[in-house]
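Subject: A structure to look at

Hi,

Here is the structure I promised to pass on to you. Please open it beside this email, and then read on for what turned up in it.

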Amino acid sequence: MSWRNRSLLGLVVAELVSLTGSAMTYVALPWFVLATTGSTGRMGWVLAAELAPVGLLGIPSGTLIARLGAKTTMLLSDACRGPLMLVIPVLHWTGRLTFPALLGTAFAVGCFTAPYISSSRLVIPEVVGEDERLVASTNAVVAGANQITQIAGPVLAGVLIAATTPAAVLVVDAGTYLFSFVTILVFVRAGRPVEETEESRGVLAGIRYLAGDPLLRPSLLLACLLNLVVQGLIVGLDVLAFFHYRSAHVAGLLFAALGAGALLGAVVAQQLTQRVDLVKLAAVAIVAMPLPLWLLAIPMPWAAALLVVAAFGFFAPLVNAPLLGLVTVRTPVALRAKVMTAVMTVAVLAGPLGFVAASQALRAATLQELFVAVAALLTLCGLAFGAVLVRNRGEWPPAPVPAAS
């Protein structure tokens, strides 16, 4: 992997800027809802509305990516998300923002998230080549760059919210989508449409492929459950900062700590994916990942909470990088767009339910009880996921041999 690769450099820069804006919004949007309504329930519904389209439209978007190509799909997504993000602050400042309008706009923004996320991963083999370890290593590098945004974005959001308003942060996010659009358009040379084969025909081709894979089938079900529970952690951190630490700065720092831990994990993953068995690496990491979260049930200063959250975030790239590398390279090229969108869709399918369930649970349970439930469920899912990976590691099909030029 070489940073002289102009397309790779352009992709990383676009991701850095765009995802910094998105990370700012990740703090600003729930803070905006809590500040204007004081309702954790409404906050959960808004977060769910933005994530729901990933589950509803993720699989059909695979057909769109295959026809347009990964690069064009990324451009289309950025071109639409920028103006849509501006709708919320404009309606708020003109006194016309209703809760249904907020839900609808969040949903509309989410409609372009699924194709963008999948395309940003599908374009990697076209940029760096087909070797599975190189793709896994590049995924770790891209994830590391993304995690820098998870550090800078929340911290900037906390500062800007305190200095201005949450609505102003949403305007900044809209601008980052425009920057990403221009950067990808000018620098990234990849993402051509893929010729359809008999195996790849139909909207559900990716689901059929996954259903026939003895490792991916149970793994994706567990990934869906994991994602449902993780949204409870996100809600818990927002509520912890707003009601207990009472500081937008701390809210930003909590999510920045998550990103800092993941950045360190991405650096480690970039090295390990080139040296160790990818399936074993993912299995060990997913079992270890939830263990630090048990400590959140204990009241602690916010500085200690930052360390706990960072420890959790450290393990995420050690799970994601090897699995994405294996799934991407070992899937036939004609099926990649539909398989990747199916993977992303199934993995986040329960996410909106997780946001709503966690926010509603806080009406009857304490925040500490929520953190205990999150830690327990993630531990059980991690053990099951790790067992599935190890038991079926020999079932991966061989990586396809690139056609001779």
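Let me start with what a cavity is: on a 1 Å grid over the protein atoms alone, a cavity is a set of points where a 1.4 Å probe fits but cannot get out, while a pocket is an open set with protein on both sides within 12 Å along at least five of seven lines, and a residue counts as lining if it has an atom within 4 Å of a point. Grid points are joined across faces, edges and corners, and a volume is the space filled by probe spheres set on the points. The idea behind it is that rolling a probe the size of a water molecule over the atoms shows where empty space is left.

Before the findings, please keep in mind that this is a predicted model, in which local features need pLDDT of at least 70 and side-chain atom pairs count only at pLDDT 80 or more, whereas totals for chains, interfaces and linings use all residues. Residues are numbered from 1 along each chain as its sequence is written, and side-chain values use heavy atoms, with hydrogens and water left out.

**Cavities and a pocket**

How many cavities of 30 Å³ or more are there? The count comes to two. The second largest cavity has a volume of about 30 Å³, and its lining is made of Thr25, Leu29, Glu50, Met85, Ile88, Thr105, Ala106 and Val109. Helices α1, α3 (70-93) and α4 (99-111) each bring at least two residues to this lining; helices here are DSSP runs (H or I, at least four residues), numbered from the N terminus. The biggest contribution is from α4, with three residues. By type, the lining of this second largest cavity has five nonpolar residues, two polar and one charged. For these types, Ala, Val, Leu, Ile, Met, Phe, Trp, Tyr, Cys and Pro count as nonpolar, Asp, Glu, Lys and Arg as charged, and the others, Gly among them, as polar.

Gly110 is also in helix α4. At 0% relative accessibility, Gly110 counts as buried (buried means under 20% relative accessible area, exposed over 50%, and partly exposed in between, with a 1.4 Å probe and protein chains only). The C-alpha atoms of Gly110 and Glu50 are 4.6 Å apart, although 60 residues separate the two in sequence.

Next, the second largest pocket has a volume of about 160 Å³. It is lined by 13 residues, and those closest to its centre are Gly232, Ala358, Leu370, Val374 and Leu377. At least two lining residues come from each of α9, α15 (351-361) and α16 (367-391), and α16 has the largest share, with five. The lining of this pocket divides into ten nonpolar, two polar and one charged residue.

**Rings**

A pair of aromatic rings is described by the distance of the centres and the angle of the planes. Here, rings of Phe, Tyr and Trp (its six-membered ring) pair if their centres lie within 6.5 Å; planes under 30 degrees apart count as stacked, over 60 as edge-to-face and the rest as tilted. The whole structure has three aromatic pairs. One of them joins Trp31 and Phe242 edge-to-face, at 5.0 Å centre to centre and 70° between the planes. Trp31 lies in helix α1 (residues 6-37) and Phe242 in helix α9 (residues 216-245), so this pair ties together parts 211 residues apart in sequence. Ring pairs also link Trp31, Phe242 and Phe243 into a cluster.

Arg42 lies over the face of Phe99, 4.3 Å from the ring centre, and the charged end of Arg81 is over the ring of Tyr116, 4.5 Å from its centre.

Among the buried residues of α7 are Pro166, Leu170, Tyr177 and Ile184. Gly175, also in α7, is partly exposed, with a relative accessible area of 40%.

Finally, look at Arg246, in the loop between α9 and α10 (248-272). Arg246 has a positive phi of about 50° although it is not a glycine, and it is exposed, at 64% relative accessible area.

Enjoy exploring!

Terms used. A charge sits over a ring if NZ of Lys or CZ of Arg is within 6 Å of the ring centre and within 35 degrees of the ring normal.
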